[in-house]
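Biologist: I would like to learn how to read a model like this one, feature by feature. Could you take me through it?

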There are 6 protein chains.
Amino acid sequence: MTTRSTPAEPEQDARVRAVFDDIRATRNTTYINNLWRMLAFDAALLESTWADVKRLMATPSHLDPLTKELIYIAVSITNACSYCVHSHTAAARAKGMTDAQHAELLAIVGLAAKTNQLATGLQVPVDAVFDGGPVPGGA
Amino acid sequence: MTTRSTPAEPEQDARVRAVFDDIRATRNTTYINNLWRMLAFDAALLESTWADVKRLMATPSHLDPLTKELIYIAVSITNACSYCVHSHTAAARAKGMTDAQHAELLAIVGLAAKTNQLATGLQVPVDAVFDGGPVPGGA
Amino acid sequence: MTTRSTPAEPEQDARVRAVFDDIRATRNTTYINNLWRMLAFDAALLESTWADVKRLMATPSHLDPLTKELIYIAVSITNACSYCVHSHTAAARAKGMTDAQHAELLAIVGLAAKTNQLATGLQVPVDAVFDGGPVPGGA
Amino acid sequence: MTTRSTPAEPEQDARVRAVFDDIRATRNTTYINNLWRMLAFDAALLESTWADVKRLMATPSHLDPLTKELIYIAVSITNACSYCVHSHTAAARAKGMTDAQHAELLAIVGLAAKTNQLATGLQVPVDAVFDGGPVPGGA
Amino acid sequence: MTTRSTPAEPEQDARVRAVFDDIRATRNTTYINNLWRMLAFDAALLESTWADVKRLMATPSHLDPLTKELIYIAVSITNACSYCVHSHTAAARAKGMTDAQHAELLAIVGLAAKTNQLATGLQVPVDAVFDGGPVPGGA
Amino acid sequence: MTTRSTPAEPEQDARVRAVFDDIRATRNTTYINNLWRMLAFDAALLESTWADVKRLMATPSHLDPLTKELIYIAVSITNACSYCVHSHTAAARAKGMTDAQHAELLAIVGLAAKTNQLATGLQVPVDAVFDGGPVPGGA
């Protein structure tokens, strides 16, 4: 079940078609997954979301493509977003994630959640050595 | 402020000292940060937590050390654990994270949170192509 | 699947029937949605929960009814409560939410999550100008 | 810093004073902690919140007082509510929580968070044997 | 404490100055709050974040400015983002939020969190009547 | 749907069989629930996770078995982990949780979430009396 209906023929909207064409070209596939199909109900939201995803996830940058997917999965698990866990695990596998790396990712995500709870439960004060510096003019 | 007092001389407990010694040796430092100092109130909890962290974060494995810290930060931000965001950002920097990589990490963590919200808000159904397979015998 | 069974004829309990009658009268409908049906396993919990919802959501107040539903959806998305996202999106639509407003709600919820992550990831100190004042006697 | 100012003499409002008097009588103390002082800016919100807390936490019931505080702490840690972690840890200690029980609580909260992440990361399907039963009439 | 240092004179970077100038013009103030000062460490991240905030929060749209701030606060509270709760509560007050509206916002955010927990704890199945429709072609 | 396939005959791996045997012996059942079946894809992760669960949840300790399950459920609800809510509610019932205790657990979890939101929304400063003490040497 979804929370809203979407147009039966979303690509009749030229802006939607332009985004879908760019998704297909960028990912070298004919498949448009459900998130994009549903976002088609609002062309502006679809455009800005895809622009962000393309710029950060599908453009060469300072982090390699697989590392970026692993970070994405880590956030999605922590936010309990079932859809995103599925879609980005599939994406990570397509970018070469091995079973051993997947197991390790899950183990680290679990460990981080555990020590997050310990630090919050104890209300551990932040060590002065971790300070990254002042905010100029922000006093 | 913290939620509990900790012993003034935690290393008088031989189990605590053994863990602290291992932290110092593993990290090649004399500094023990506050999380470990606070966990010293219960030697068993200290031992098991450090054993997990050492095994996953300080042992060569299928993911490189910096990638593991980036994943750790991503979870810690999403869980709003102030202490952990500080300690693991410092650790990532010690392992070579550049300013550009830090900016990109934050951008991806922010983007993932945004699309998590969109997928959850729309209750997007998971695409069949994302299915990873059945659970044997789990019917 | 659910985590507990509920009575087959919940309205045989007079307290449950009184609440269901009030839900039907307040909402001008014959339909009782699943949350209330399940809460019927404990009359006290059902009564106090409905009393809260009726007082805050179904009584004229300082915020208009649609705004209140939008706030409710925002929290439900952030908590990844699938049931609540569905039920309150339906309620907002019944109170006049347009497609354009829905798209905008989702966009703001996504943006807020993104900047929440940036502020937490950077551990931005709160500006002094944002201080709302002291707590009298709370020293 | 807080997000709003509160009246310097909150007990000049008779409704606030009645709640504060009840807090002092119920808890057998003269101390009113900051949450109640801040909620005093809106008497209705103060009254309903205290009524809920008193009924569930300060009234003999099906769970013993310490167990109820441990549950409260577990939720507060998971929601990263610094104030609530502090106030309910202090309350649990006042109700007899030992250091060993505190350590065990933290260990279980950490373990639960870890296995939550594993189950969500793997998207483990719920076993049929866990089903609690249907919702009557809710089809 | 923060997690990273920021340039002492951020506006020496022309891109940063352009964004800061636009913030000052859009908000009709000389004050630049700490989030923007810290984001100045990466001009691209600063630009894209401000562009999103300006477009959604500072442009006339389908929701009124105060409603948008209330939604923003609701998400920020739920994510436990201390900075964002402070900054957006201040912004809502600047846009006319009264004390009574603030109290009501907090009460609704609290109620939503409570019923989110009930629905999740009971694993209430979504009512068929809440279905918003199929995803075309997404099978 | 799941995020990864698992071996059809997991117990052909001697390490997996050893863990499954220990689960069956510890719980006095022939049933292995899906979480363990899925974790079988990585023997090390399976072993360490079960070791943690067995040590904390299935060994006599400072908290009684039912209290430990209630804490586990509270965290699982707050993290919106559907699988874990189901499995630990079933486990709590097997350990004697009554309907009245279940209703009370849900009510407290809901109340805690509500007051967490109020404290975070108001940014209530922590009372000095809640301070648990300094961190020795952690300055």
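Biologist: What span should the 14 residues of helix H1 of chain A have at 1.5 Å a residue?

Modeller: Helices here are DSSP runs (H or I, at least four residues; strands are E, at least two), numbered from the N terminus. The expected span is 1.5 Å times one less than the number of residues. H1 of chain A, residues 14-27, should therefore span 20 Å, and its end C-alpha atoms are 20 Å apart, which agrees. Just after H1(A), Asn28(A) takes a positive phi of about 55°. Before we go on: this is a predicted model, in which local features need pLDDT of at least 70 and side-chain atom pairs count only at pLDDT 80 or more, while totals for chains, interfaces and linings use all residues. Residues are numbered from 1 along each chain as its sequence is written, and chains are lettered from A and ligands numbered from 1 in the order in which they are written.

Biologist: By what turn and shift can chain B be laid on chain A?

Modeller: The general idea comes first. Two copies of a chain are related by a rotation about an axis and a shift along it. Copies are superposed by least squares on the C-alpha atoms of residues with pLDDT of at least 70 in both. For chain B on chain A, the turn is 180° and the shift along the axis 0.0 Å, with an RMSD of 0.0 Å. The two copies are thus related as by a two-fold rotation axis.

Biologist: How many residues of chain B are in contact with chain A?

Modeller: Two residues are in contact if their C-beta atoms, placed from the backbone, lie within 7 Å. On that basis, 59 residues of chain B are in contact with 59 residues of chain A. Helices H2 (34-39), H3 (43-57), H4 (65-78), H5 (82-94) and H6 (99-122) of chain B each supply at least two residues of the side that touches chain A. The largest share, 17 residues, comes from H6(B). To sort residues by class, count Ala, Val, Leu, Ile, Met, Phe, Trp, Tyr, Cys and Pro as nonpolar, Asp, Glu, Lys and Arg as charged, and the others, Gly among them, as polar. This side of chain B then has 33 nonpolar, 21 polar and five charged residues. Since 100% of the interface residues of chain B are also interface residues in chain A, the copies meet through the same surface.

Biologist: And how many residues of chain D are in contact with chain A?

Modeller: Here 16 residues of chain D are in contact with 16 residues of chain A. H5 (82-94) and H6 (99-122) of chain D each supply at least two residues of the touching side, and the largest share, 10 residues, comes from H6(D). By class, this side of chain D divides into eight nonpolar, seven polar and one charged.

Biologist: Is H6(B) mostly covered or mostly uncovered?

Modeller: A residue is buried if 20 or more other C-beta atoms lie within 10 Å of its own, exposed if 12 or fewer, and partly exposed in between, with C-beta atoms placed from the backbone. H6(B) is mostly covered, with 21 of its 24 residues buried. Gln123(B), which follows H6(B), has a positive phi near 50°.

Biologist: What covers the buried residues of H4(E)?

Modeller: In H4(E), 12 of the 14 residues are buried, including Leu70(E), Ile71(E) and Tyr72(E). Their cover includes H4 and H6 of chain C, H3, H5 and H6 of chain E, and H6 of chain F.

Biologist: Which residues touch the most other members of the largest nonpolar core?

Modeller: A nonpolar core is a set of buried Ala, Val, Leu, Ile, Met, Phe, Trp, Tyr and Cys residues joined through C-beta atoms within 7 Å. Of the 267 residues in the largest one, Ile71(A), Ile71(B), Ile71(C), Ile71(D), Ile71(E) and Ile71(F) touch the most other members. Not counting residues up to four places away in sequence, Ile71(F) touches Leu70(D), Ile71(D), Ala74(D), Leu105(D), Ile108(D) and Val109(D).

Biologist: Where is Leu56(F) placed?

Modeller: Leu56(F) is in H3 of chain F, residues 43-57. With 19 C-beta neighbours inside 10 Å, Leu56(F) counts as partly exposed. Leaving out residues up to four places away in sequence, Leu56(F) touches Ala107(D), Ile108(D) and Leu111(D).
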